[in-house]
Each structure stands twice: as C-alpha cells, then as structure tokens.
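Q: Can you take me through this model? I'd like the sheet, the salt bridges and the surface.

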Amino acid sequence: MEEEDPAADPYLPYDGGGDTIPLQEIPKRGSNYVMTNGGGAPSTTTHLLDFLEEPIPGVGTYDDFHTIDWVREKCKDRERHRKINSKKKESAWEFTKSLYDAWSGWLVVTLTGLASGALAGLIDIAADWLNDLKEGVCLSAMWFNHEQCCWTSNETTFAERDKCPQWKSWAELILGQAEGPGSYIMNYFMYIYWALSFAFLAVCLVKVFAPYACGSGIPEIKTILSGFIIRGYLGKWTLMIKTVTLVLAVASGLSLGKEGPLVHVACCCGNIFSYLFPKYSKNEAKKREVLSAASAAGVSVAFGAPIGGVLFSLEEVSYYFPLKTLWRSFFAALVAAFVLRSINPFGNSRLVLFYVEYHTPWYLFELIPFILLGVFGGLWGAFFIRANIAWCRRRKYPVLEVILVAAVTAVVAFPNPYTRQNTSELIKELFTDCGPLESSQLCQYRSQMNGSKAFTDNPNRPAGPDVYAPMWQLCLALVFKIIMTIFTFGLKVPSGLFIPSMAIGAIAGRIVGIAVEQLAYYHHDWFVFREWCEVGADCITPGLYAMVGAAACLGGVTPMTVSLVGIVFELTGGPEDIVPLMGRVMTSKWVATKEFTHVTLAREVMRPRRSDPPLAVLTQDDLTVDELQSTINETSYNGFPVIVSKESQRLVGFALRRDITIAIENARRKQEGIMLNSRVYFTQHAPTLPADSPRPLKLRSILDMSPFTVTDHTPMEIVVDIFRKMGLRQCLVTHNGIVLGIITKKNILEHLEELKQDKEPLAASWYYHKKRHPASHGSNGKPRSRVNHVQLIRSFQDGRGGGGGGGDDSEEEVHLLDGSNL
Ligand SMILES: Nc1ncnc2c1ncn2[C@@H]1O[C@H](COP(=O)(O)OP(=O)(O)OP(=O)(O)O)[C@@H](O)[C@H]1O
C-alpha cells in the first residue's frame, strides 16, 4: 500500500507542499498543533487524526438510479476482511467480533426466511378470508373463511362440503332467502361491491403511500440484483403497503397472482434485515447476496417450492451467485418453507399448492399433444407480451383503470363458476385426477364409477352433458382470462403473472386432455391408440394435460427453464411427470435462445461517437477547484478519466463524479484556505506553485488508479465477457496508453440490443423517450428527471412481462432491452 501522507486527505492540514508531517508526529484528536498554511503564517488548528483511517463519509456510495461497481465493492469487502483477520488475535473482544461477522450472513438469511414465511402465511390467510367475504360471512366466527366455517360445523356433509348453516351468503343475510333470482342478484351485487372496494382501497394505498408497491416486482429485483440502485424499492413502506395491498388485490378477484409480489416482499425483508449488519448495509455487492437468498425464500413460500426457489434465484434473478450464496439461499428457502408449513395456511398439512398424484403414467404418443400445448404456451407468451406492452403504452389513469378492470372482471366472472372461484382453487381442480371420490364437475362422466373400485381400475369413460357443460364454461373462462390478464398486468396494484398464466395453460390443457381422452375412447382402434388405449383401458389423464399446459404458459411468459421445471415439479409433487415438462421447456428454450457473434471492436461502441461532444477528462495537476466544478456542472457523466496532461492524454486513473463532489464539499467545510482558484491535484506530490497561490487540494484518495481498460482494437465479444464476468460499471478504451473513450454497462446493453435487432436503428427506451419529450433532457442528452431514469432502468430488465411494476404513470413505461444476460 502506498504510504499515507496528511495531504492525501482533504481534511488534513497541509504544509505547503514541502516536507510532509511524519505520521507519528500528528497529535491525537482534539489536540492543537501548529502548521504553516500554504507557505503563509503559522496557524493553530484542531486536527483529527482519525480521518487518516476513516474514509470520507459518502465516498464510495452511489446515487439513486445508478450502477454499482462490483469490482470496487468486492475490493472493499476484501479489505474489511483483512482488517478483521488481522485484528482478531488482538483481544477476545475482537475475536468475538470476528465470529459475529462470520455468522452474520447466516443470521440475516435466517431472519429473512422467518419473516418471509410468516408474511406469506399471513397473506394467504388474509386473502382467503377477504376473498370469501365477497360471498358471505361465517356467523359463528367472523374470522373464519368459508371452508374453515364449514369444517367446524357438524352439519356439513361430504358431498356438499361448502354448505353449512353457519355460513351465510349475503342474500341470506340481507334478504333472508338462499335461492331464487332475488338472492342471485343480491349476491351478484355484493360480489361486485366488495371487489370494487378492495380494488379501490388497494390502488389508493399504492398511489398515496408506496408507488413502488405495484406490479410483481421481479423485473425490478432483477435490475437491482444486477447492480442498480433503486432507493426505496425494497424499503419498509414498500413492504408494508405491498403486503396489505397484495391481500386486497388478490381478494378483489382481479386476474392476478400473489407469487411474484411475494418475492418482492421477501426481498424487502432481506433488505431491511441487512441494515442490521454493517457488513451488508455498507456494501452493495454483499447486500445483493442477501437479496439473492431472499428471492429464493420468496419463491419458496410463494409456491411451496424451496428447491425451485433456489434454482429461480440462481437462474433467473441473481447476477452474482457464489457457492456461499447458494447455501444461504437454500437455507433461507428452507426456513421460510418451514415457517409457512407451520402456519399451514392451506389447511392441508402440505406445503405444496396443487398436490396431485396421477394414477396412470403417460405414454410416448402423448408427447404430441404435450408439444402442442408447448406451442400454445409459446403463442400465449408472445401474444400476451405484445398485447400487454401495446396496452401499457396507452395507460393514463391508474385509479380509474383499476376500478374499471375490477368492475368488468367482477361482472363477467360471477356467472361462470370457473371464473368466480379463486384462481388457485381453479388450477387445483383442473389438475385433479378423476378418482372415485372426486366431486368435481369435470369428473362427472357418463357411467359413474363404482365407488368401491380402486383408483388404478379407472378406465376412460365417455363424457356426457355433465362434462360438456363445464367444458363450455372452461372455454369461456379461457377467453375471459386471456383478455383480462392482458388488461390487469401492469395495473397500479401488486400483481403477479404466474397464477393467471398457469390458469390459462391449465384450462387449455384440461380441454385438450378431455378431447384426447374422448378421441381415444371413441377411436380406440386408431393406430395411435391401438397399442395402449383399448376400450376400458385406463390410459389418458386430463389432469396431467392441465399441468403440462400450465407449465407451458408459465414458460411462455417467463424466461425460466430449469427453475420452472423445479417449481412445477415441487408444486405438484409428481416425479414421473418431469420428463414431459423438461421436454417442453427445452424446446421453447432452443427456439428462443440466439447467441450473438460480435464482429465489432471496442472503438465502434465506445463513447464519444463522432457526433458527440469530446470525452470529458480531468488533468492530474493543473485544474483549479473552479474548473473542476464547472466540468462537473456542465456534464452529468458518472465519472471522468484522469490524464497526465492535455498534451500527453495518457491515462492516470478514473475519478467518480459523486466522490469528487463530496470530497470538495468536505474539504471546503473542514479545511481552511481552499478557494475557487486552489489547484486540484491527483498526484502523489503537490505541483510546484507560485508562493502566493492558495492552498491546493489533494484528491488522490478518491482516484481509482486501476480502472479497467481495453484497447480500441479489443473485440466487443471480449469486452462483453469482461463486463459479465467482472461486473464492471465502466471500462476505458485506450490506444498506446492514450485515452480515447469510455464504455459503460448501459452502452453494452444498447450494443447488444442493436445486435439483436440486426442493426436496425436503436430503439432503446432512452432514445425513444428522448424523441417524445425533448424538454426533459439535459444538454448531453441524459435524462434529467427521476421518472426517465425509471424508464431507462426498466430497459435492463427482461422485456418479457415487464409491463408491470414501476412507480410512474408515464406512457412509455414498458421497455424493452434485454439485460438479463449482462
Ligand atoms: N467522461 C465522459 N465523457 C464523455 N462521455 C462519457 C463520459 N463518461 C460517460 N460517458 C458516456 O455518456 C453516457 C452516460 O454516461 P454515465 O456515466 O452517465 O453512465 P450511464 O451509462 O448513463 O450509466 P448510469 O446509470 O450508471 O448513470 C454513456 O453513453 C457514456 O458512454
């Protein structure tokens, strides 16, 4: 390490550039000593020795909506480790501190897991209760939902599980009659009334208290985990409001799920707990390790799928995922699942949402309909994304829109039993295997099974009117769900896409399943069925088709592959059915993935481009404070290359704008003699100055002397690789040691997008936005307002399904660059 000198710190008194004061001679905090000021008269000042060790407050932190520098954060952590290791042998106290430090990672993920599990349980219970409130109330105990109410009743029969005298529908309570058109209309009215009230309350809470609480939150979390700062996105307000409004939004009956928002809730918990430990709160890279574990805990409780959660965190959201984070994610997912299981919100003593056991295996031929379902899922995904993006561009009135969508949903959903019921319940019903004990309408085949026959003895049967009627209702439900999901996703309430997508796939799957089953029944002599599906044989399970369809549609709207299989596998608890799932998922991945071949060189991507203003640089020892400040004020770049001199242009290092501003402010406040014409220098020793010049300001401590550089001839393939592997924020481009330009992470993303669009004109949201609102940009074309930054940041999330979320109401909210692989 280079030797510190007092002038290296802007707080320290300076002796005029001559001999520096040996460290041991500097008195302790609070004592006085005599110094010469800029060659002038001796002055007495109070010197704070601790500043030698303390970093300048604020230096090394980041502004809102900026990219973090992973390399710098990792170095900081290594330095902290070194310090702790060297001190731990000094005393028992230091040793205890080092132990605490080593364990704090496990502690923070345990707390996160506990909190996520508890909150998920609470949300499940509250949402169930509120959802049933739309139909009626439990007179014996108001806090029971419909199911619990009738469980506790002695008069409930097995066939009519949901009927009991304690549970009163609104018509019974208000009109005193349970049947007839009057009661139907009253129940209909009350259903709409509650749905609208919940939706209105949810959107108002979000709008007034925590705009970041809307949407699923997953794209933003991906953005944050890849190294962006979005202050308040994972804060306590967002957590509180998201928890409450999620319950309301789910209960309002809107076509949305709570799974994505639960991941957001878990990440808020992780972020809040990380503030208890300086190791995490002061290091943005370390904080992201906790957030990775938190997102695993989120998925774990959202679906009851702990392993799926870890895979999700690894594959989908995390950017930096060392082995230690894998273990911690696993542990957080485990703790969260355990807590949720103890709360037992589904009342089935199972963690999984849709536990199914199919009585027959699937046959090779069935891969054809499975693949067709895969195609349907892909088409649904593509259609949904396009339609949702197109709709999001037209969005203007968030509150009104929520009320309208909730009203239409309630009015249309009530008459159809498949749309009225809770979506998770619907999926569960669609997944069911028609056993003898199954009371679902979908299992009312013509020749009813003799109840005493075993499951495995359950041949395919012809469908009668009792099955055709629900089939029609399912078809209508499919159309309804497809349309409503497009309009719902992106509303200003918490909304996840997993459950509606699964429902759409499951409905389509069940319809296809029943169709294939009937085909096999009536045409068992066709060669495809002849071998394995004779009359009376038990061969086709429509529930399995529903499951494959659900996975297909889920895969269509999210880029998950391995984690999707993991989640669906855990969700349904069926190990035999994993092969069709894997097949389906892999097909879509192969079709969708396209590798780029970069033929470009760094100099073609670097900024400034020919038409841009020249690169803003700082010289190492001939700027004044005034000149430095005007460079900072006139531009809004995050940092500036520091060069030897205007003539030589050789690179010395890189200084961040924020660090420079903070250091100057601090020096002005705490250091006497710093004026506008004081010379600023980044060198080890001060330049020789005329005797009457004011005291110079040394800024070497904020200079990054090892910035990443590439030469102008480096292929972009390599540059992208360096950015990916090292987590760089920026990289300087040199030629013979002379700085030519800079490439930032966002430049790389824009470049990748250009490649993706086959060199069509760049359509990044930034440029798009610029065209529409020129007034909101600074002279250098950089967006000024916070809203614009949100849009720009959104460009780093995976465009798929990105219509949701965000805290602004502007039109171009959806966007578009795929940054998930950088
Ligand atoms: N010193 C500089 N001189 C000229 N252009 C620069 C300079 N620094 C950055 N740029 C370019 O200006 C644009 C804005 O850069 P900036 O440093 O603000 O980062 P950014 O890419 O917007 O990312 P962030 O979100 O971190 O602000 C980028 O295209 C970058 O290549």
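The chat below goes through these topics in turn.

Q: What kind of model is it, and how are residues numbered?
A: It is a predicted model, in which local features need pLDDT of at least 70 and side-chain atom pairs count only at pLDDT 80 or more, while totals for chains, interfaces and linings use all residues. Residues are numbered from 1 along each chain as its sequence is written, and side-chain values use heavy atoms, with hydrogens and water left out.

Q: In what order do the strands of the open sheet run?
A: The order is 5-7-8-11, four strands with mixed pairing. Strands (E, at least two residues) and helices (H or I, at least four residues) are DSSP runs numbered from the N terminus. Two strands pair if DSSP finds at least two bridges between them.

Q: Which are the edge strands?
A: Strand 5 (618–619) and strand 11 (703–704); each pairs on one side only.

Q: Which helix lies across strand 5, strand 7 and strand 8?
A: Helix 25 (residues 657–670), at about 75° to strand 8. Axes are lines fitted to C-alpha atoms, for helices over the stretch in contact (heavy atoms within 4.5 Å). Angles run from 0 to 180 degrees between N-to-C directions.

Q: Salt bridges next. How many are there?
A: The count is 17, taking a salt bridge as a side-chain nitrogen of Lys or Arg within 4 Å of a carboxyl oxygen of Asp or Glu.

Q: Which partner does aspartate 659 have?
A: Arginine 72, at 3.2 Å from N to O. Aspartate 659 is in helix 25 and arginine 72 in helix 1, so this pair ties together parts 587 residues apart in sequence. Aspartate 659 is buried at 3%, whereas arginine 72 is partly exposed at 22%.

Q: And lysine 279 with aspartate 101, buried or exposed?
A: Both are buried. Their side chains meet in a salt bridge of 3.8 Å, N to O. Lysine 279 is in helix 9 (residues 278–281) and aspartate 101 in helix 2 (residues 92–133), 178 residues apart.

Q: Which residues are linked with them in a network?
A: The salt-bridge network consists of Asp77, Arg80, Asp101, Lys279, Lys286 and Glu289.

Q: Switching to the surface: which residues make the nonpolar patch?
A: Ile307, Leu323, Trp327, Phe330 and Leu334, over about 520 Å². Helix 12 (residues 323–343) gives the most, with four residues. Leucine 334 in that helix is partly exposed at 43%.

Q: What's the rule for a patch?
A: Residues need over 30% relative accessible area and no salt bridge; like charges are joined within 9 Å, and nonpolar side chains (Val, Leu, Ile, Met, Phe, Trp, Tyr) within 5 Å. Areas come from the Shrake-Rupley method with a 1.4 Å probe, and for residues only the protein chains shown count as cover.

Q: Last one: how many residues of helix 21 are buried?
A: Nine of the eleven in helix 21 (residues 562–572), including Leu564, Val568 and Glu570.

Terms used. Buried < 20%, exposed > 50% of the residue type's maximum accessible area, 1.4 Å probe, protein only.
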